[in-house]
Amino acid sequence: MTPAPHPSPDPSAPIDRRTLLRRTGLGAGAAGAVLLAASCTREDEDSPPTAAPTPDAASRRARLHLTPAAGWIGDPQRPLVLDGVHHVYGLLHAEDPAPGATVWGHWTSTDLVTFTPQDPALTGDDVADVWSGSAVVDEHGTAGLGEGTVVALATRPTDGRAELQEQYLASSPDGAAFTFEPGPVLRNEEGPAARSEEEIAQASWFRDPKLQRDEERDQWVCAIGRDHRVALWTSPDLRSWERREDFAYRDAAPHLPDLGGVECPDLFTLTASDGSAHWVLGASLDGSGAGEPTAYAYWVGTWDGERFTPEDPAPRWLDRGWDWYAGVTWPSPENPEHVRLGIGWMNNWAYAREGSATADSDGYDGQYSVVREVRLQRDEDGSLTLVSTPVPALAAAASATRRIEDQEVDGEADLGDLGRAFTLEMDLAWEDASAVGLVVLGGEDAARGTRITIGGGALSVDRSGSAATDGTLGEGEPFAGLTAASAPVDGTARSAHLHVVVDTQSVEAFLDDGRTVISLGAHPAEGEQRVRLLADGGTAQVTGMVLRTH
């Protein structure tokens, strides 16, 4: 994803912390010590001094999610696993008003719950940003840099020109620090000739290269986000690239909704639950104008070395919330054939440029989702669905686990204050209720909180009651009006399994083992931590409740 241009600030104007973070969210930043970013899940005695402190009473820092120690966090980059350690990368802008380069921040993890901050892994010079891309381990040394070298392709604006977004090669012996080679290895064919406003706009959308090894054909495949399409390229050596057929998601079915340009494509292979192997093409799309999510869409299909052909041209959604964007997946080390791991940016360009509740309280802006396990499930009707659930290590990392008594709910049942960060699983059964579920991040005022309900053939999450009330987010409409998200579910079902992950600034709801997922950021007021069970228009049986606090 490419940061948008923005006006230069007045250097004489007073600058507060939130203003700095808002500016860095528009593309300003500087590589420096402040980019030694940290996640905040739990403290470890061996944590380096750059790690963020455990949140105190005044902090709003997320506990279960990867966050930067300071500054503004953007797209995650696909992680690598080296010697059993996950290397997670992400776009970072320093908390600094001076123009500077966007960089790849770097964290390491052995459990995908706690993350240790490292020095920035991929940086440009003083004026050239490093934007999204991906890294691979070149096991056979195809790029001529030696077997096992880590090779990355990342988007940069050649000569600072937006219409010359091009792909540059960088390498590293260990995934910790990359070195760029001069000049792009995958050039923007349209950029040099672009003259009109429309031509420049088209050429300017050439970003986010995603590399995938095609072992069957002994080649590399690169997917690049374009306006309304994915450009596919192949190479024997990660240097010389040949263009293949674009995948334009509306070409085969013009009646499909217009979901805009493609960002952060994700191309991989996965074996489904029935043993059949498939290629999957994912993409981050903005469907808000068409009544669809702004999140990670995907197609299941085949790749023949020339083109990707979907089984169904209509996109499916891995997450139907507003805040699981720029998602990336990578193979699970334990079961790479059947399981991928996934992480997404819990933000939305509709409001990512605005201040956040944590900008004032903790000096950072943005977070990533909890890491998920992603599987390809063959359904009874023969279709293929990507399902996702939190990694099991998240449950294992809980500081306390307890069961809550089964309840019959008619209206509301108050479970009390369950803490600042927790996961809650439950089984719901009902006959006559029109909607069942719960409110999280609730306050004493019954109107406050994020409402999660199943009813009317939909899973719905409404965060309108979790908008900040203390003025920290300005005078605009909360969440740019995107307060509620919904996903279609079986309207005849009278039972469901619900798994929610609640943190200080977010809610992730997983229904029926991750078949349906909605992720949303939230900005509750201080102390809003109550949970209430809901059953509208009838009664619900709530059983098997397991609370894990963090």
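The largest nonpolar core has 43 residues, of which Leu-424, Met-426, Leu-438, Val-440, Ile-452 and Leu-533 touch the most other members. A nonpolar core is a set of buried Ala, Val, Leu, Ile, Met, Phe, Trp, Tyr and Cys residues joined through side-chain atoms within 4.5 Å; buried means under 20% relative accessible area, calculated with a 1.4 Å probe on protein chains only. The model is predicted: local features need pLDDT of at least 70 and side-chain atom pairs count only at pLDDT 80 or more, while totals for chains, interfaces and linings use all residues. Residues are numbered from 1 along each chain as its sequence is written, and side-chain values use heavy atoms, with hydrogens and water left out.

- Another core, of 22 residues, lies apart from the largest one and includes Trp-72, Leu-92, Trp-349 and Ala-352.
- Leu-438, leaving aside neighbours within four places in sequence, is in contact (heavy atoms within 4.5 Å) with residues including Leu-424, Met-426, Ile-452, Leu-498 and Leu-533.

**Val-409**

- Val-409 belongs to strand 24 (residues 407-417) and is buried, with a relative accessible area of 1%.
- Beyond its neighbours within four places in sequence, Val-409 is in contact with Leu-533, Leu-534, Ala-535, Gly-538, Thr-539, Ala-540 and Val-542.
- Between Val-409 and Leu-534 there are 125 residues of sequence separation, but their C-alpha atoms are 6.7 Å apart.

**Strand 30 and its partners**

- Seven of the nine residues of strand 30 (residues 495-503) are buried.
- Strand 25 (residues 422-430) runs antiparallel to strand 30, with eight bridges joining them; strands pair if DSSP finds at least two bridges between them.
- Asp-427 has His-497 of strand 30 as its bridge partner.
- Strand 30 also pairs with strand 31 (residues 506-511), in the antiparallel sense and over six bridges, and a hairpin of two residues joins these strands.
- Val-502 has Val-507 of strand 31 as its bridge partner.

- An open sheet is formed by four strands in the order 18-19-21-22, with antiparallel pairing.
- Strand 18 (325-331) and strand 22 (384-390) are the edge strands, each pairing on one side only.
- Within this sheet, strand 19 (residues 340-345) and strand 21 (residues 372-378) pair over three bridges, and Arg-340 has Val-374 of strand 21 as its bridge partner.

Notes
Buried means under 20% relative accessible area, exposed over 50%, partly exposed in between (1.4 Å probe, protein chains only).
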